[in-house]
Amino acid sequence: MALGTLQTVRPPSGFLGRLEALAEAERGQLPLWMPVALGLGIAAWFRLPGQGAWAAFLLVALSVALAGMVLPWGTRTARAIAVAGTLAMLGCALVWWRAERVAAPVLARPVVATFTGEVERVEPLPARGLVRLTLRPGSGSALPPRVRVNVAARDVPAGIVAGSRISLRARLMPPPSAALPGAYDFARTAWFQGIGATGRGFAPIRVVAPGDPGNAGLRASLTGHIVGRVDGSAGGIAAAFVTGDRGAIDEADAEAMRRSGLAHLLSISGLHVTAMVVATMTLVLKLLALFPPLALRVRLPVVAAGAGAVAALGYTWLSGADVPTVRSCIAALLVLAALSLGREAITLRMIATGALLVLLVLPESLAGPSFQLSFAAVTAIVALHEHPRVRRWFLARDEAAWRRLLRGLASLLLTGLVVEAALMPIGLYHFHKAGLYGALANIVAIPLTTFVTMPLEALALLLDLVGLGAPAWWAVERSLALLLWIAHLVSSAPGSVAALPAMPDGAFAAMVMGGLWIALWRARWRRWGIVPLAAGAVWALATPAPDLLVTGDGRHLALATGDGGMAILRDRAGDYVRSTLGEGGGVTGDLPPLSEQPNARCSPDLCVAIRTAGGRRWTILATRSGYAVPWGELVAACARADIVVSERRLPDRCRPRWLKLDRSLLRRTGGVAVTLSTGRVTTVRRGGRHPWEAPETIAPPPPPYRVRRNGRNGGVSDAAR
């Protein structure tokens, strides 16, 4: 082609010209926003209420893509806008398709059923004395095709493995949605896992057809082997390092790990996969170097990289292929490929590629804390160390050993602080609390885990092949005891945990976008990311804590007290309910009984509490038993109350001054959070039409409920109606 026939694109002027100049300056960073655009479409599908809104988003994204095509196509700005719109549209359509593809029937209401099913998965939970079974009931059972039940470990017959057929009686219920606004939504997770019912199994459990003992699986066998060598939570942590199974960790120790910022050590992710790959590559290089003819003819680093890749894939498979492990495996494979090609290995492009691949395969993982925490941590680390000034500060140099040590400790501390800052909004959004001293704890915990515990554990497993692993297991137990001591020391320190009630979605989105803006750009305009980041933080901190929390079944409520805590309605509420209510209110301590509060009067059946907020006194009436209350007294009490809460259906004549949160209303709204000072009422169900919110249901025949008499006043118990 003659030079005279070449066409050039005329640079745009004005605003588009300035935008093109910025795009040209950031040309190396533009690909990093591809997973962000894809994730935007996925997040929009989760956040928008139903099909009409999803279709509208697809049209808007398509309009953005077409707008990019209308602009001069030779410019980076046009291509970036077109690609961003296309990826956002793809993300929304992909997760929509994925939700429809995994659709399975869900149980309509709680039922007690006796059925026969094939065991799909066996998960021992020694710390809780339970075994979790995932079952596939037979076609004639009128149950969903996949159910999950917890069974007391003592009731599980020996030899139950994947492939066994068992018969049992279980109380099943639909997968529960979030108990409170902002709480964990198991119904969403269960939908994408195809679980249609969950519950508790009872003895006796009969083995109809035994499974192949070989189906017990290497992971389960290895977990049992490790737990048998190391007692208590230390054994559970040792198993978590190898197989990712955390069922043997005591809840108190697991909570200490979370509060101290060390919980990431229990999830097989970048630290563990990197240690495995580095150990494998080092061992292969040393062994192959012993054969000079081979070393002279073969590129040993490439061979070692291949061995490291095999080790990463095997470790990912062995540990159950959870999202952090898959992400870390993809990242490790990309790093090894870059090393083999002589390219720079650990870059933000590598992280972006890993995120893009995970979202394309498992788009629903974006909504879970696992994906968000793992990618936020690794992005923060790489972005920090790619900064020219930070790279100069911690560049290796010829200096005294003590200066190198101090430089390394400073690098580790700075990295820990940046990671904690990146993870804190995510932890507060999902768990309503975050550790504050994690950076200090990790300075000791990460080297201890990487250079002491994991090598010792690998040595112990190898020595067990010849029956000589006992001394190594003793050393592993001592190192894990030190790790737990650090966790408990840090978690019990004053002010070790920041607690926050449910964060508004908009505040969280603003902080995420601000953090991404700072991390992914390189020009000076990256500093503008501080604006949405600060605005989101102020918004979250300024959001008042709810005064009243009511679970979706109406049985439990927590009311704010004058000292910043919350009091719980039922004295015998379980630990899970107490923890959920405390997290929802941003309270970290124990929840005292409402009956002991000076502003409350309680009988075995009713509680009346007074709460002053927003310049007025509020009266809250709640039932706390299933027994019948005299009709006239109940109606009169309702008329004197501003809010009435009950697990039963209250009569029409019960008319409080503001809210009647009884069974009829809560069935439609789910859990409720009420802020009295502003009059804001937040509900779990917001009228959305996601498949787990209105799924295809299986309604079993109604069980023969038995009417029983109230032993105190002769009335009929509402629980039997």
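Predicted model: local features only at pLDDT ≥ 70, side-chain atom pairs only at ≥ 80, totals over all residues.
A disulfide is a covalent bond between the sulfur atoms of two cysteines. The structure holds two such links. When the bonded cysteines are numbered in sequence order along the chain, their pairing reads 1-2, 3-4.

One of the links is formed by Cys602 and Cys607, whose sulfur atoms lie 1.7 Å apart. The angle about its S-S bond is 110°, and the link of Cys602 and Cys607 is right-handed.

Another disulfide joins Cys638 to Cys654, with 1.9 Å from S to S. Here the angle about the S-S bond is -80°, and the link of Cys638 and Cys654 is left-handed. This pair connects distant parts of the chain, 16 residues apart: Cys638 belongs to helix α22 (residues 631–640), while Cys654 lies in the loop between β15 (643–645) and β16 (659–661). Cys638 counts as buried because its relative accessibility is 0%, and Cys654 counts as buried because its relative accessibility is 1%. A further cysteine, Cys92, is also buried, at 0% relative accessibility.

Attention now turns to the space inside the model. Rolling a probe the size of a water molecule over the atoms shows where empty space is left. Three cavities of 30 Å³ or more were counted in this way. The second largest cavity holds about 40 Å³ of space. Which residues line the second largest cavity? The lining consists of Leu557, Leu559, Leu569 and Leu594, together with Cys607, Val608, Ala609, Ile620 and Ala622. Two or more lining residues come from each of the elements β10 (557–560), β13 (606–613) and β14 (616–623). Of the elements, β13 gives the most to this lining, with three residues.

What classes of residue make up the lining of the second largest cavity? Nine of the residues are nonpolar, with no polar and no charged residues. Cys607 brings the two parts of this account together: this cysteine is among the residues lining the second largest cavity, and Cys607 also forms the disulfide with Cys602.

Technical notes: Residues numbered from 1 in each chain as written. Heavy atoms only, no water. 1 Å grid on protein atoms, 1.4 Å probe; cavity = no way out; pocket = protein on both sides within 12 Å on 5 of 7 lines; lining within 4 Å. Points joined across faces, edges and corners; volume = space filled by probe spheres on them. Helix = DSSP H or I, 4+ residues; strand = E, 2+ residues; numbered from the N terminus. Nonpolar A, V, L, I, M, F, W, Y, C, P; charged D, E, K, R; others polar. Disulfide = S-S within 2.5 Å. Buried < 20%, exposed > 50% of the residue type's maximum accessible area, 1.4 Å probe, protein only.
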